[in-house]
Amino acid sequence: MDDICRVILKNNELIKSIYIKMQFLDSDVVSILSKIEDSTFSQHIQYFTETRYINNTFEAFPNLYYSYMQLVKELEEYYNSKIKPYSLE
């Protein structure tokens with residue numbers, strides 16, 4: 001669980017960095033990033049890391065985790081359909 005928490009917290013930091021550095025983002029991207037950052041699961045992870053929550057799994061809130069992962073999938077799909085075709089990869 002600690003690894004996942006670190007990844008989610010790092011994602012939130014990266015989202016904030018994107019907002020600062022990329023002032024002219026597509027509104028769809030901003031919407032998806034905002035939903036990820038403001039998701040209940042993301043907020044819970046922030047709380048749990050600050051309070052040293054004892055539970056080592058996400059069993060207590062599978063629906064929140066699922067919703068978070070759906071948002072991540074939405075961002076990935078957006079990238080694959082709208083950005084990747086124009087990237088230099």
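Select Phe41, Phe61, Tyr65 and Tyr68 and show their side chains: together they form one aromatic cluster. Before going on, note that this is a predicted model, where local features need pLDDT of at least 70, side-chain atom pairs count only at pLDDT 80 or more, and totals for chains, interfaces and linings use all residues. Residues are numbered from 1 along each chain as its sequence is written, and side-chain values use heavy atoms, with hydrogens and water left out.

How many aromatic pairs does a search of the whole structure find? It turns up 3. Rings of Phe, Tyr and Trp (its six-membered ring) pair if their centres lie within 6.5 Å; planes under 30 degrees apart are stacked, over 60 edge-to-face, and the rest tilted. Zoom in on Phe41 and Tyr68: their ring centres are 5.4 Å apart and the planes sit at 50 degrees, so this pair is tilted. Phe41 belongs to helix α3 (residues 40–51) and Tyr68 to helix α4 (residues 62–83), so the pair ties together parts 27 residues apart in sequence. Helices here are DSSP runs of H or I, at least four residues, and strands are runs of E, at least two, numbered from the N terminus.

Are Phe41 and Tyr68 buried or exposed? Both are buried, meaning under 20% relative accessible area, with exposed being over 50% and partly exposed in between (1.4 Å probe, protein chains only).

Ser39 has 9% relative accessibility, so it counts as buried. Leaving aside residues up to four places away in sequence, Ser39 touches Tyr68 and Leu71; a contact means heavy atoms within 4.5 Å.

Next, select residues 2–21, which make up helix α1. This helix has 20 residues and reaches 28 Å from its first C-alpha to its last, close to the 28 Å expected at 1.5 Å a residue (that is, 1.5 Å times one less than the number of residues). Colour Cys5, Ile8, Asn12 and Ile15, which are buried in α1. They cover an arc of only 80 degrees (taken from the directions from the helix axis to the C-beta atoms), which puts them on the same side of α1. Now turn to the other side of α1: Asp2, Asp3, Arg6, Glu13, Ile20 and Lys21 are exposed there.

Finally, zoom out. The protein chain has 4 helices and 0 strands, and 21% of its 89 residues count as buried.
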